[in-house]
Amino acid sequence: MTKVAWVTGAGKGLGQQVSLQLAAGGWCVVVTSRTADDLQALAADAQHLAGSIHPFPADIIDRDGIDCLVATIEDQIGPLDLAILNAGTYLRFGLEDFSAERFAHQMAINVNGTVNCLSPVLKRMKNRRQGQIAVVSSLSAHRGLPMASAYGASKAALTNMCEALKPECDVHGVGLSVVHPGFVRTPLTDQNEFPMPFLMSADDAARRLINGLNERKFDISFPTRFALLMRGLRCLPDAVYFWLTRRMVQK
């Protein structure tokens, strides 16, 4: 029987490549993003693959709309075996542009939007006592970085949430993973004007994500050297860490 996966943020970048690789592996993949044209193009690219891709455009910050969407997906396509909650964005701003509005907007998308997707999926998988969920966080969740106060906080919130939910998910037969990518070449990172260490292609990142899911890992982090570096920064004394990060701040 064909397995069903749902990938959010599938229009571009990592979500797009994950969707194509799952479809190549024979999965029936439901893809969601705000841009219907991107999803239609993705479905067309998958026509020669072993599996299939089905576009379901939606905005993850629309809680009621996402509830209805998940119900529609399961009614029309089938029960979800896998959900990869990848949708999110990066709002880069520093002290000069810091505001409650900017911060709230980042959290509304990355945190609340992800929870809007997680809630209906988790409820259904819990009742069936089966299924697998991956929440895409970031290596920036491990320690605060200049110009990423809101983004890093949003990703740290997702990581902490998954750590809290993991034991109960295990008890109820639901696999839960949190994904910590480093810099992945996407339209978002193409806008960055600073050097991005260990930059990797979306194709490579998608492969590592799927391999981690196949191995039932909780923490799926890549690339390995960058992940070790970011974890190592958590062990530095504050005085040393802030000496390093001050060098990243333009005066």
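Mentor: Let's start with a cut-off: a residue is called buried when its relative accessible area is under 20%. Keep in mind that this is a predicted model.

Trainee: Why is glutamine 17 called buried?

Mentor: Its relative accessible area is 17%, and the limit is under 20%, so glutamine 17 counts as buried. The residue lies in helix H1, residues 13-24.

Trainee: Which residues is glutamine 17 in contact with, leaving aside its neighbours within four places in sequence?

Mentor: Those are Ala202, Asp203 and Ala206.

Trainee: And what makes up the largest nonpolar core?

Mentor: That core has 31 residues, of which Val18, Leu22, Val29, Ile53, Ile84 and Leu209 touch the most other members. Several elements each supply at least two residues, including H1, strand S2 (28-32) and helix H6 (202-214). H6 gives the most, with 6 residues. Beyond four places in sequence, valine 29 is in contact with Ala5, Val7, Ser19, Leu22, Ala23, Ser52, Ile53 and His54.

Trainee: Now the helix pair: how do you know whether H4 and H5 are roughly parallel or roughly antiparallel to each other?

Mentor: The axes of helix H4 (residues 100-128) and helix H5 (residues 149-171) cross at roughly 20°. Angles under 35 degrees count as roughly parallel, and therefore H4 and H5 are roughly parallel to each other. Their axes come within 8 Å, and the crossing is right-handed.

Trainee: Which residues meet there, and how many are nonpolar?

Mentor: Among them, Phe103, Met107, Val111 and Leu118 in H4 meet residues in H5 that include Tyr151, Leu158 and Met161. By class, this contact of H4 with H5 has 14 nonpolar, 5 polar and 1 charged residues.

How values were computed: Residues numbered from 1 in each chain as written. Predicted model: local features only at pLDDT ≥ 70, side-chain atom pairs only at ≥ 80, totals over all residues. Heavy atoms only, no water. Helix = DSSP H or I, 4+ residues; strand = E, 2+ residues; numbered from the N terminus. Buried < 20%, exposed > 50% of the residue type's maximum accessible area, 1.4 Å probe, protein only. Contact = heavy atoms within 4.5 Å. Core = buried A, V, L, I, M, F, W, Y, C linked by side-chain atoms within 4.5 Å. Axes fitted to C-alpha atoms, helices over the stretch in contact; angles between N-to-C directions. Parallel < 35°, antiparallel > 145°, perpendicular 65-115°, else oblique. Left-handed = near helix turned anticlockwise from the far one by under 90°. Nonpolar A, V, L, I, M, F, W, Y, C, P; charged D, E, K, R; others polar.
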